[in-house]
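This briefing goes through the surroundings of the ligand, the strand pairings and a few backbone details. Please keep the sequence and the structure at hand while reading the points below.

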Amino acid sequence: MQDLQNIQAKVQAAIDGAIDLEALDIVRVAALGKKGEVSLLMRQLGSMAPEQRKEFGPKLNALKNELNQAVLTKRTALEAELLEQKLASETIDVSLPATPIPKGSIHPVSQVFAETAAIFADMGFEIATGPDIETDFYNFTALNFPPKHPARDMHDTFFFNADEDGTRKLLRTHTSPVQIRTLQAAVQMAKDSGKELADTRIIAPGRTYRCDSDQTHTPMFHQVEGLVIDKTTHMGHLKGCLQDFVSAFFEREIEVRFRPHHFPFTEPSAEMDIGYERVGNEIRIGQGDKWMEILGCGMVHPNVLTAVGIDPDIYQGFAFGVGIDRLAMLKYGIPDLRDFFACDQNWLQHYGFSPINQPNLATGLS
Ligand code: PHE
C-alpha cells in the first residue's frame, strides 16, 4: 500500500514538473507505458492470491486512472500554454505596408502599336500580318521594284545564303510585303466565293530590318503599314486619314504637309511632315516653324494591283508606312533609339507603361 502511495506521489510530482509535452510523455511512458512501473504491477496481479488481488486490484486500478487523468490535465495545460506562446510570438501587424512585388511594364513600342491600332480600328481598319523572312517577290518585285533598279539599294537589305534554286530569302526591309499578301488573299477569297473583290482596309504592324545603326537607326525597327483598296478611295482620303491619325496619336491638332516623293509602289508618292518648334532642348510637336518627316505614303501603283491580279482600271486606293519607334520617341520624349532594344531594366521602368489601369487611347487619355 505504502508502495502505491509512494508511486503516486512520485509520478504526480514528475507530471507536475514536466516542462513540455515531450517531457510529459517520457513521464507517462515510464509509469503507464507497456513496461511502465504501474503496468508492471498490474501484471503481477495474476500471480497474487485471490484475497490479496481483491484488495490490491481496485487500488491499483484507481491509481492508474488517477495518473492517466493527471497526465491528461497536464497535457491540456501544456497545450494551452504552447498556443499562448504561439499567439504571442506570431502576431502580424496588418497595418504594415506590403512587401513590394516587382512588376513588369509595357515597352513603349508595344504601347504605341496598341495606340495606333486603337486609332485605326476606330476608322474601320483591321490588323494584318506577314512573315519577317520574305522572298524577293514580296519585298521587291511585286511592289514594282524593277530588277537591278537602284531603288533596291534604297534599302540596305539583310540577305540569307542562296537556296538550292539560287534565290535568296531576306529579312523584310519594310512592312509593304503585307500589302501583297493581303491583296492576294482577298483575290483568292473572291475567286473561292464567286463574289466580287471585297474592300481592303488594313494596317500591318511589325518588325522590319535594314543594315543601319546610329542614334535614330537600328538594324531592327518597327513599322505600321496601311492599305486601303476599293473603287473610289482617292488622294483626299489619304490626306484626311493620315491627318486624323497624327492628331489622334499626339492628342492635339497637328499641322501636316505632304511633299512629293518617290516610292516604286505608289504613284503619286509623298512624304508627310508634321510641324514642330524647338523650345530650348524640347521639341514641341504640332505647330511651328519647322517640319519633320514622319511617314511615306501614296496612291497604290497600278503595277502593284496588276501583280496580284486586280484590275487597276476598276480598283484603286492608298498605302502608307510609318516608323513606330520614331513615333514613340517623339510622343514620349525618348532620345536614343538604340536604348529601345538594350533591355535595360531601369530604362524599361522609366519609359515603360503600367499594365494595370494605364491611361491609353482605348480607355481614354487624361
Ligand atoms: N515602305 C516604305 C518605307 O519603308 C513606306 C511606304 C509604305 C511608302 C507605303 C508608301 C506607301 O519607306
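Strand β11 gives the most to the shell around the ligand, with three residues; strands here are DSSP runs of E with at least two residues, helices are runs of H or I with at least four residues, and both are numbered from the N terminus. The model is a predicted one, in which local features need pLDDT of at least 70 and side-chain atom pairs count only at pLDDT 80 or more, while totals for chains, interfaces and linings use all residues. Residues are numbered from 1 along each chain as its sequence is written, and side-chain values use heavy atoms, with hydrogens and water left out.

**Ligand shell**

- The ligand is surrounded by 14 residues, of which H174, S176, R210, Q223 and G321 are the closest; a residue is near a molecule or strand if one of its heavy atoms lies within 4 Å of it.
- By residue class, the shell around the ligand holds five nonpolar, seven polar and two charged residues, where Ala, Val, Leu, Ile, Met, Phe, Trp, Tyr, Cys and Pro count as nonpolar, Asp, Glu, Lys and Arg as charged, and the others, Gly among them, as polar.

**Polar contacts and burial**

- A side-chain N or O atom of H174 is 3.0 Å from a nitrogen atom of the ligand, which falls under the definition of a polar contact as a pair of N or O atoms within 3.5 Å (within protein, one must be able to donate a hydrogen and the other to accept it, and residues adjacent in sequence count only if both atoms are side-chain atoms).
- Oxygen atoms of the ligand also take part: a polar side-chain atom of R210 lies 2.9 Å from a ligand oxygen, and an N or O atom in the side chain of Q223 is 3.0 Å from a ligand oxygen.
- The ligand taken alone exposes 330 Å², and the protein buries 93% of that, with accessible areas from the Shrake-Rupley method and a 1.4 Å probe, where for residues only the protein chains shown count as cover.
- The elements that give two or more residues to the shell around the ligand are β6 (220-230), β10 (290-300) and β11 (316-323).

**Open sheet β2-β4-β3**

- Three strands form an open sheet in the order β2-β4-β3 with antiparallel pairing; two strands pair if DSSP finds at least two bridges between them.
- Because β2 (133-134) and β3 (159-162) stand at the edges, each with a single partner strand, one side of each is left without a neighbour in the sheet.
- Strand β4 (residues 168-171) is joined to β3 by two bridges, and these strands run antiparallel; the bridge partner of A162 in β4 is R168.
- Two bridges also join β2 to β4, again antiparallel, and I133 has L171 as its bridge partner in β4.
- β3 and β4 form a hairpin with five residues between them, and G166 in the turn has a positive phi of about 90 degrees.

**Strands β7 and β8**

- Strand β7 (residues 256-263) is joined to β8 by seven bridges, and the two run antiparallel; F258 stands opposite M272 in β8.
- The hairpin that joins β7 to β8 passes through two residues.

**Backbone details**

- The peptide bond from E267 to P268 is cis, with omega near -5 degrees, and P268 is found in strand β8 (residues 266-279).
- N144, which is not a glycine, has a positive phi of about 70 degrees and lies in the loop between α6 (136-139) and β3.
- C343 has a positive phi near 55 degrees, although it is a residue other than glycine, and C343 lies in the loop between α10 (324-332) and α11 (345-351).
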